[in-house]
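Please look over the sequence and the model below before reading on.

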Amino acid sequence: ANSTATYAVTENVADQKMKAQEGKIVDDAYPFTPSKIDRTKEPDFLANTPSFNVPKIWTKELTNGIKVQGIVNTEIPMITFSMTMGGGRLFDAKGKNGTAYLTAALMNEGTELRTPAQLAKDIAMLGANVNVSAGLEDITIRGNCLARNFPKVMSIIEEMILHPRYDAAELENIKARVSVMIKQNSVNPQSIAGGAASKLLFGKESPLAIPAYGTAATLTAITMDDIKAHYEKYTTPKLCKFNIVGSATAPEVEKTIASLVKKWNGKDVTIPAPYIGKAAQTNKIYFIDQPGAQQSVIMLIKKGPLYTNNDFYPCVILNRALGSGSNGILFEVLRLQKGYTYGAYSNFSGNKYYGLFNASSSVQGSVTREAVDLFNDIIRNYGSEYTQEKLDETKAAMLKENCGSMETQDAMLGMLSTISDYGKPQNYMLEQEQVIKNMTLEQIKDIAAKYLKSAEFIYVVVGDAKTQLSRFIGAELIEK
């Protein structure tokens, strides 16, 4: 029979020696890792407002029209990239809104050479993430991967671009998921408020007022032939912008995508400007009934400066202390002081086609009128009550935030996208830094007077009409 011996180890405390000097434990001797920094000396404090350093950006236009921008970042052996190629929502035919959305979604579901399962597995086996989505102007492929796997990932992406699958069964699956999404959003108060606000501001027929995935009617109308025609007609390297950040130099990137450049050709395509209709009457409340709702969604919306307008970034500075986060006045008053809501926020947003100012919250139904009045009073008086102390605090906070804003590859990719999408100079963030530093109290008050006029707001309230509508004189009850 097998037997197992047990051995007892007895510690001899007397043999233990504590290596100490003046009561401090001393490590065993070992070789120190060489360092360029003298770690025996305490470093000096950083300046209170350190400057933002712009990463070095390289650019290249390839023979088939692809415009490439990149930042070499070797802190981690990763690559993060995006590729836009035309064919966005602005190309959707009237009555078939959502075509771009379905086209992009279908690109995620296999290629001519790989089933959806095979495509997903092959990308996962490379430790990569790749996703295709549709924006206003473009269909965009975004991804990240280990630097050593970048050539293999780009080989798969080349296949996705040049050999789309057009799988009828997968299209029906995608349509089914979108149909569920449409039904869910039709009863979601935030979605209802946002959709109504867009229609009131841009007009019902504007593509800016229709969800990216379309409507129930347009979803039914879109066929596989529509998707094929959309992809083949509007996606082109002539509109392609390839942005990349990571452990790859410009020659390495160019070599990796050389095969795609050689095989992918396309014609020039002009991006159509979106139709924008007449806005609804401003300085008026539009109420949408949500029978029995215990909460009300409040949304104030108006047109603002385009992203390309010189006033846009000053508006961002202006909004910082108003509603950019939990440090804003809207949050402080509506949540902390009054307890009407869990949060209240505002922001300026925009692109090359439109600009918006939006303020919103979800409040207790019983204080809907009071909350609307507070929103109106706070925003109307915000400029006149803005102080030098508030401006100084805003400047200090934004300068420090900007200094550390490019610490990730995703953040650097976002900067590249802004440069390529809007034609911004490579040092545009330094220009924004100067706007912050040079902003005066008089300028901030002028911006507030120009863009926060209460008479220009459209007010949308989604709540229980039975208990709340009568509290608003002159409000109009509208459909979802």
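The text describes the chain as a whole and then strand β13.

This is a predicted model, in which local features need pLDDT of at least 70 and side-chain atom pairs count only at pLDDT 80 or more, while totals for chains, interfaces and linings use all residues. Residues are numbered from 1 along each chain as its sequence is written, and side-chain values use heavy atoms, with hydrogens and water left out.

The protein chain has 17 helices and 14 strands, these being DSSP runs numbered from the N terminus (H or I over at least four residues for helices, E over at least two for strands). Its C-alpha trace spans about 90 × 65 × 60 Å along the principal axes. Of the 480 residues, 46% are buried, a term that stands for under 20% relative accessible area with a 1.4 Å probe, counting protein chains only.

Strand β13, residues 458–463, is mostly covered, with six of its six residues buried. I458, V460 and V462 point one way from the strand, whereas Y459, V461 and G463 point the other way, and all are buried.

| Strand | Residues | Sense of pairing with β13 | Bridges |
|---|---|---|---|
| β9 | residues 284–289 | parallel | six bridges |
| β10 | residues 295–303 | antiparallel | five bridges |

Key. Buried means under 20% relative accessible area, exposed over 50%, partly exposed in between (1.4 Å probe, protein chains only). Two strands pair if DSSP finds at least two bridges between them.
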